[in-house]
Amino acid sequence: MLFSFFRSQSGSQVDDFLMAHADALVRGVEEVQTLKDRTDPAFLHQVDDLLKLAEMISLALPGVIPSEQFVNELRQQLIMAGTLDDVTLWAWIRGLPPRTQLAASIGGATLTAGVVWFARRPVRNAIEGWWHRWTATA
Amino acid sequence: MMMGREVTAERNYTLAEDTELVEWAKDDSRAFGELYERYVKKIYNYIYYRTGNHHDAEDLTSRVFFRALAHIRNYTDRGVPFSAWLYRIAHNLVANWHRDRGRQQVVPLDDYLASGLSFDAPEAAAEDSEEEQRLLESIQELPEERQQLLILKFVERLSNAEIGEIMDRTEGAIKSLYHRTLLSLRGILEDEDPSKPEKRRRRFGL
């Protein structure tokens, strides 16, 4: 693709060229040079400042690598969550800040203990009643 | 979500397309695991450059994948590929993160500048570092969508079609936005020091 027609410099043609340059930057220095070699020098001169700016941006934004520990731990957490029937609750809890997660855990445990205690009351009452009746008849 | 061993043994997770994996992942955790391997680093990068630090990048990356896991059964490809869907989840979580903190979106500076850039000449190193810091500060001043575009293009190295799917725009609109982003950035760099616009431009070789 030749960019000599950019002498006319319609907006979309400049858009196309600048993006072609960005794509070439991502692919490597050789691609950039090839693109420039195929482009009308007069046009290149006109957009030179934008090309240099794009080259600065590409250098200023290098890729980063997450820690291996984080990637492994998250994988394990996802595997564990994947075995649950209702992962929505899990995801919701995960989405909370750490302090709220702790409070939710304590609150959840307290609620569960309360429900168990209430649920066990009739059983305990029945056992106590049976015990009283048994001791009274004995 | 677990599957019988006889079913999963027939599946080639590594060679499967995303669309296949997504269908399998609805009741097969290994398929979701493969999707995770493919995208965790990309999503982490995207979030790192939108939050400005590794701590929040880890926290939000976790949330993205837990949310994806929770909703993958409801996911249907209506012209939005799985990768774009993930980036949209990430984008929404980052937007909420910024809203909760009332902060301007940031492209990382401190972490980046402390990352030990190596140069042969100390003086040149200081000057280059200063220029890069100024450039990153200028990128911070851009509207959110323009920062997003620069990250998706230069950090994530996505095609215009992929960026269009994530940002819900046509390829033509993405190209036009990129052109306008460069012009804005140039304007910000010039305005930074109104008394010395030419000096500023020379520093950047513009």
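Welcome to chain B, which has 11 helices and zero strands (DSSP runs numbered from the N terminus, with H or I over at least four residues for helices and E over at least two for strands). This is a predicted model, in which local features need pLDDT of at least 70, side-chain atom pairs count only at pLDDT 80 or more, and totals for chains, interfaces and linings use all residues. Residues are numbered from 1 along each chain as its sequence is written, while chains are lettered from A and ligands numbered from 1 in the order in which they are written.

**The fold of chain B**
- Along the sequence, the pattern of chain B reads α-α-α-α-α-α-α-α-α-α-α.
- Chain B has 206 residues, and 38% of them count as buried (20 or more other C-beta atoms within 10 Å of a residue's own, with C-beta atoms placed from the backbone).

**Where chain B meets chain A**
- The contact takes 41 residues from chain B and 37 residues from chain A (C-beta atoms, placed from the backbone, within 7 Å).
- Several helices of chain B each supply at least two residues to its side, including helix 4 (54-71) and helix 10 (171-191).
- Helix 3 of chain B gives the most to this side, with 10 residues.

**The nonpolar core**
- The largest nonpolar core has 67 residues (buried Ala, Val, Leu, Ile, Met, Phe, Trp, Tyr and Cys joined through C-beta atoms within 7 Å).
- Among the residues with the most contacts inside this core are A:Ile57, B:Ile43 and B:Ile47.
- Helix 3 of chain B brings the largest share of this core, 12 residues.

Key: Contact = placed C-beta atoms within 7 Å. Buried ≥ 20, exposed ≤ 12 C-beta atoms within 10 Å, placed from the backbone.
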